[in-house]
Amino acid sequence: GERAIVDGAVDLFWQHIAGLNNVFCVSASGIPALTACEGTIGGIGVTPAGELLFVRRNYGAAVLSRLSKDTAGTWRQYDLTSGRPASTVGALTVGPDGQVYFVVDNTVLRVPISGGSPTVVAGGGTGLDGAPARSAALAYVGDLAFGPDGSLFILETGARRVRRIPP
């Protein structure tokens, strides 16, 4: 099982479900997750259906991927976006609108859980506070979170501040 009693306390076992630390691996959608090349993983999240999402950087490109179990219980990896040139990948969260928000090169992107082409939500520009979010300059985005009213909060660790985008 996944639980054991150790010294009278419940201890949980962890399970390796994806990636091979880049030791002979392949990069293709639909493959068993344990044979997948993960490269640098920036953020991880969970869909309302319980599937795992993560943003990864392989061979200079950022890809949003989903891990889900097939009917035999094997974790499989599916790419939701095509590769986008990237130097860094970062935080990831699922928004109240059911879309996936993730960070690539200090730009916050959004894509439907089913996949598709990402759109820019914030960053990638040179604008300061008060400018449209899509033209803002972001410095080292550390995390993303949604407030109860649907506002998106962006933690900029490089600028030591939190930004808010209203719903």
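The following dialogue goes through several features of a predicted model and how to read them.

Biologist: What should be known about the conventions of this predicted model?

Modeller: Residues are numbered from 1 along each chain as its sequence is written, and side-chain values rest on heavy atoms, with hydrogens and water left out. Local features need pLDDT of at least 70, side-chain atom pairs count only at pLDDT 80 or more, and totals for chains, interfaces and linings use all residues.

Biologist: What pLDDT does the chain average, and where is confidence lowest and highest?

Modeller: pLDDT is the predictor's confidence in each residue, from 0 to 100. Where pLDDT is low, the predicted coordinates should not be read in detail. Here the chain averages 82, and 80% of the residues score at least 70. Confidence is lowest in strand E1 (residues 3–6), with a mean of 60, and highest in E14, at 95. Strands (E, at least two residues) and helices (H or I, at least four) are DSSP runs, numbered from the N terminus.

Biologist: In what order do the strands of the open sheet of three stand?

Modeller: Two strands pair if DSSP finds at least two bridges between them. The order is E13-E14-E15, with antiparallel pairing. E13 and strand E15 (161–165) are at the edges with a single partner strand each, so one side of each has no neighbour in the sheet. Neighbouring strands of this sheet are turned by 20 degrees against each other on average, direction ignored; the axes are lines fitted to C-alpha atoms, for helices over the stretch in contact, and angles run from 0 to 180 degrees between N-to-C directions. Strand E14 (residues 152–156) pairs with E15 over five bridges in the antiparallel sense. Glutamate 156 has arginine 161 in E15 as its bridge partner.

Biologist: How many aromatic pairs does a search of the whole structure find?

Modeller: A pair of aromatic rings is described by the distance of the centres and the angle of the planes. Rings of Phe, Tyr and Trp (its six-membered ring) pair if their centres lie within 6.5 Å; planes under 30 degrees apart count as stacked, over 60 as edge-to-face and the rest as tilted. The search finds one pair. The ring centres of tyrosine 101 and phenylalanine 146 are 4.9 Å apart and the planes are at 70 degrees, so the pair is edge-to-face. Tyrosine 101 is in strand E10 and phenylalanine 146 in strand E13, 45 residues apart, so that the pair links distant parts of the chain.

Biologist: Is tyrosine 101 buried or exposed?

Modeller: Buried means under 20% relative accessible area, exposed over 50%, and partly exposed in between (1.4 Å probe, protein chains only). Tyrosine 101 is buried, at 5% relative accessibility, and phenylalanine 146 is partly exposed, at 23%.

Biologist: Which residues does threonine 81 touch?

Modeller: Contact means heavy atoms within 4.5 Å. Leaving out residues up to four places away in sequence, threonine 81 touches Val63, Leu64, Val111, Gly116 and Pro118. Threonine 81 lies in the loop between strand E7 (75–79) and strand E8 (84–85) and is buried, at 8% relative accessibility.

Biologist: Which residues other than glycine have a positive phi?

Modeller: Most residues other than glycine have a negative phi. Examples of a positive value include asparagine 106, with a phi of about 60 degrees, and tyrosine 140, with a phi near 50 degrees. Asparagine 106 lies in the loop between strand E10 (99–104) and strand E11 (107–112). Tyrosine 140 is in the loop between strand E12 (119–123) and strand E13 (141–146), and is exposed, at 59% relative accessibility.
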